[in-house]
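Subject: Handing over the structure, with notes

Dear colleague,

Please find the sequence and the structure below.

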Amino acid sequence: MTEDRAGRSVGTARVKRGLAEMLRGGVIMDVVTAEQARIAEDAGAVAVMALERVPADIRRDGGVARMSDPGVIDAIQEAVTVPVMAKCRIGHFAEGQVLEALGVDYVDESEVLTPADEAHHVDKWAFTVPFVCGATNLGEALRRIAEGAAMIRSKGEAGTGNIVEAVRHLRSILGAIRQLTVADEPERFAAAKELRAPVDLVAEVAERGELPVPLFCAGGIATPADAALVMQLGAQAVFVGSGIFKSADPATRAKAIVEATTHYADPAILAKVSRGLGEPMRGEEIATLDVKLAERGW
Amino acid sequence: MKVGVLALQGAFREHRETLDALGVEAHELRSPAGLAALDALILPGGESTTIGKLLVTSGLLEPVRERIDDGLPVLGTCAGVILLATHLLDGRHDQPTLDALDVTVRRNGYGTQLQSFEARLDVAGLTGAPFPGVFIRAPVLERAGPGVEVLAEHDGHPVLVRRGPVWGSTFHPELAGDLRVHERFLHQADRQ
């Protein structure tokens, strides 16, 4: 890594993962306007995800979902002081380049948008901006880390307000990690083959008992108790998409989810913040969905 | 010696692991219970606006301020030094402060994450190799008041300062894989 005149090295794995570590215990909120971004920051969001449409609307409207208009991202960057993230399509490295040029703090190579490449993800090592990617299982997480992802989020099923898929994916990733920690050497090689993941990363996970990058949770969180559930299962922070701005009282609900994510193991606080939030987003039964976004990614 | 790590949001785990590596008893602080038993406190990096709000809602802001005023040794890293600073630039109007360190700090003073960096630091009093400085959307200390001792600088600005038992860094010693800054802080705190 090269240094500039002041002796600075930018874009290192340590600074990319470092920002994810600073977001731990926090809530990253999807926003589509500067006004929503201000509400999110007022509520205590650690970062915002700048979008043109929240996943529930992408799901309803159909069509091709792409990177946000740079004007939307500019306006949101202008409105808040917390980190601003934005999504690019899977494999769409040119969208990634545009987002980096816009100065976003994190790029989410996201299955919520329509994939641009059915075989390849973005080569994330080639960027100075850090990337987060979704995963439904440990193999997928390790393939994304091998490509340079500096944060993994379990995918869940975005835009449904239904926590069941988030729980499935989180349990799948964390359960597979626990199995690896007791695997012997030949079993690690076999696991690498089964997981379709690099053997050195498999060995690192087996030694550490966790991913080499922070693991956050996304897709279906709609209530403070949902946030507490995934934090207790082992998520280190949460992404909330449609769950806030598709509810009756976004500001109050956003604050409650922030407090629940910090005090996730304190039922008395969870009970207190769960009162008087108004209607949550309606939510969808997974079996009724036409498109499962979590199946995108390879 | 029992050291608290404010565990509302951010990189509190890395501080706790650093304390574990030094063989020091650590306590994750999320409520005023437990504050009285602490011999020192660490305010971690994270999102300062979020931590500020959670300090208020968890009822910790005033009790922590009182203990620091009474001389509790405290180390604030990145967002932590923002919380300690008497003067804040580019903050939010409603951001609470502990008012414990006479410095002027500019949030995100280097820019966005694209400007986050690593740099080697010469720290006063540390022997051996330069300290690996990790700066994540770091603040810049634009002024250090009278009596504030500058222990390290980068590019013309203080990055590690102390005034009595109150220490602040704009970088993340907890991410460095190097225990020396914590060790030095705890050594001073122990002599209090």
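Two strands are said to pair if DSSP finds at least two bridges between them, where strands (E, at least two residues) and helices (H or I, at least four residues) are DSSP runs numbered from the N terminus. In that sense strand β1 (residues 9-10) of chain A and β7(B) pair in the antiparallel sense, over two bridges, and within this pairing V10(A) stands opposite F117(B).

Before going further, please keep in mind that this is a predicted model, in which local features need pLDDT of at least 70 and side-chain atom pairs count only at pLDDT 80 or more, while totals for chains, interfaces and linings use all residues. Residues are numbered from 1 along each chain as its sequence is written, chains are lettered from A and ligands numbered from 1 in the order in which they are written, and side-chain values use heavy atoms, with hydrogens and water left out.

Within chain B, β7(B) and β8(B) pair in the antiparallel sense over five bridges, and L121(B) stands opposite F131(B) in β8(B).

The interface

Contact means heavy atoms within 4.5 Å, and the contact takes 40 residues from chain B and 41 residues from chain A. The area buried between chain B and chain A (the accessible area, with a 1.4 Å probe, that two parts lose on being put together, summed over both) is about 3,200 Å², of which carbon and sulfur atoms give 50%. Q113(B), L114(B) and E118(B) supply 21% of the area that chain B buries against chain A, more than any other three residues.

Between the two chains there are eight salt bridges, a salt bridge being a side-chain nitrogen of Lys or Arg within 4 Å of a carboxyl oxygen of Asp or Glu. One of these links the side chains of E210(A) and R13(B), at 2.8 Å from N to O. The elements that give two or more residues to the side of chain B that touches chain A are α1 (12-21), α2 (48-57), β7 (117-121) and β8 (131-135) of chain B, and α2(B) gives the most, with five residues.

A second sheet, and one residue

Chain B also has an open sheet of three strands in the order β5-β6-β9, with mixed pairing. β5 (85-89) and β9 (140-144) of chain B stand at its edges, each with a single partner strand, so one side of each is left without a neighbour in the sheet. Four bridges join β5(B) to strand β6 (residues 101-106) of chain B, and the two run parallel; the bridge partner of L88(B) in β6(B) is V105(B).

Finally, E100(A) lies in helix α5 (residues 93-101) of chain A. Leaving aside its neighbours within four places in sequence, E100(A) is in contact with F127(A), T128(A), V129(A) and L114(B).

With best wishes
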